[in-house]
Amino acid sequence: MLFRSYRRAGLAAAMSRPTHVFVNNSPMSSTGPPNFGFYVIQEVIDSRFAQRAFGSDGHGNLYRGMRVSGRGADLSYLGSLPAPYSINYAKRSNASENDWRDLIGLTRALALPDGPAYADAVRSVADVEAWMRYFAMETFVDNRETNLANGNNGTGQGDDYCLYFGATDSRARLVPYDLDTLLGVGDASFNADEGLFRMLANPTLAKFMRHPPFARSYYRALESLLDGVCSAEEFGRLLNEVLGDLAPSSLREAVIAFADARRASIRRQIPDRLTVTNVAPLLRSEEHTSELQSHLNLVCRLLLEKK
């Protein structure tokens, strides 16, 4: 279901469909959670995926970001040679061509100091608006699998996502990879009131997301999703369309309840005007103090630029 939501949000995402698996005429999945009697067949993210998802521009470079060593595929600039990148990034298309210039160029731009030159350089190598749609979707569903949008669940490392650079439009686009622990369902602790900037745990993305024009784009992406594909009406319709015959009503109702709570929480967190009251109870630890201060600094910069 979620892959379809991502596609409706204008993102490239794998195709998937439910299936039953039998061995010697015996079903392999249980009728209860987490399988509910079926498995999911998911499209492999490779060159054929790129050609389907990106059409006439589908012959570019597709990379899988992983955490094999160190900080993983955290988008840090590692120099001008391919070898350091090949450890945590795997080419899923054009693998026989040892050409990593697009990925290296992206990380080089992201490593520049913040300022006007930074924004221009990043926009030349990344589809910023598409990145913000990716971050907004991951934030809405509260994806608890490691990914760029949640800062690898707080570690700031890079894992479980893909990057695509088209042959014609060579700006990087993010592709979701692992969508099985989200919307309150899965083997994780969920919080419908989770913040909007978990990706700030990654220093490279912290600078990216705090850049005021990019931050405004992120807020716009969130609002667009909440008014569109993630609205109560659209989300509920898609949920029943995809899972109506597959999952029990209790599960569907729980997912809708979480989505409703998450939607309301995100709307409360999108700044309209700056009001700060009763801050002291929020400062429960150095970590919370730092996170709140970063958020307030960003809001102040955005509000000043609006004037």
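Guide: Let's start with Ser5, which lies in helix H1, residues 2-8. This is a predicted model, so please read everything here as computed. Ser5 counts as buried because its relative accessibility is 2%, below the 20% cut-off for that class. Beyond its neighbours within four places in sequence, Ser5 is in contact with Met137, Val229 and Leu238.

Among contacts in the protein with a separation of 6 or more, 69% are between residues 24 or more positions apart. The protein has 307 residues, 49% of them buried, and its secondary structure consists of 10 helices and 8 strands.

Val21 counts as partly exposed because its relative accessibility is 31%. Together with Val23, Met28 and Tyr39, Val21 makes a nonpolar surface patch of about 320 Å². The accessible surface of the protein comes to about 14,900 Å², and carbon and sulfur atoms account for 51% of it.

Now for the aromatic rings. A pair of such rings is described by how far apart the centres are and by the angle between the planes. The count here is 15 aromatic pairs. In one of them, Tyr118 and Phe214, the ring centres are 6.3 Å apart and the planes meet at 45°, so the pair is tilted. This pair links distant parts of the chain, with Tyr118 in helix H4 (residues 116-125) and Phe214 in helix H7 (residues 212-227), 96 residues apart. Tyr118 is buried, at 0% relative accessibility, and Phe214 is buried with a relative accessible area of 0%.

Phe190 and Phe258 give an edge-to-face pair, 6.0 Å centre to centre with 80° between the planes. Phe190 sits in the loop between strand S8 (172-176) and helix H6 (203-210), while Phe258 belongs to helix H9 (residues 249-269), 68 residues apart. Phe190 counts as buried at 18% relative accessibility, and Phe258 does so at 12%. Returning to Tyr118 and Phe214, you will find them in one aromatic cluster with Trp131, Tyr134, Phe135 and Phe208.

Some rings have a charged partner. Arg64 lies over the face of Tyr177, 3.8 Å from the ring centre, and the charged end of Lys91 sits over the ring of Trp100, 6.0 Å from its centre.

Charges also pair with each other, in 19 salt bridges. In the bridge between Arg173 and Asp57, the closest N and O atoms are 3.8 Å apart. Arg173 is in strand S8 and Asp57 in the loop between helix H2 (47-54) and strand S5 (61-65), so this pair ties together parts 116 residues apart in sequence. Both Arg173 and Asp57 are buried.

Arg101 and Asp99 meet in a salt bridge at 2.9 Å, N to O; Arg101 counts as exposed at 65% relative accessibility, whereas Asp99 is partly exposed at 24%. Within helix H9, Asp260 and Arg263 are separated by about one helical turn because they are 3 residues apart. Their closest N and O atoms are 2.8 Å apart in a salt bridge. Asp260 is partly exposed at 36%, while Arg263 is buried at 9%.

Notes. Residues are numbered from 1 along each chain as its sequence is written. This is a predicted model: local features need pLDDT of at least 70, side-chain atom pairs count only at pLDDT 80 or more; totals for chains, interfaces and linings use all residues. Side-chain values use heavy atoms; hydrogens and water are left out. Helices (H or I, at least four residues) and strands (E, at least two) are DSSP runs, numbered from the N terminus. Buried means under 20% relative accessible area, exposed over 50%, partly exposed in between (1.4 Å probe, protein chains only). Contact means heavy atoms within 4.5 Å. Patches are made of residues with over 30% relative accessible area and no salt bridge: like charges are joined within 9 Å, nonpolar side chains (Val, Leu, Ile, Met, Phe, Trp, Tyr) within 5 Å. Accessible areas come from the Shrake-Rupley method with a 1.4 Å probe; for residues, only the protein chains shown count as cover. A salt bridge is a side-chain nitrogen of Lys or Arg within 4 Å of a carboxyl oxygen of Asp or Glu. Rings of Phe, Tyr and Trp (its six-membered ring) pair if their centres lie within 6.5 Å; planes under 30 degrees apart count as stacked, over 60 as edge-to-face and the rest as tilted. A charge sits over a ring if NZ of Lys or CZ of Arg is within 6 Å of the ring centre and within 35 degrees of the ring normal.
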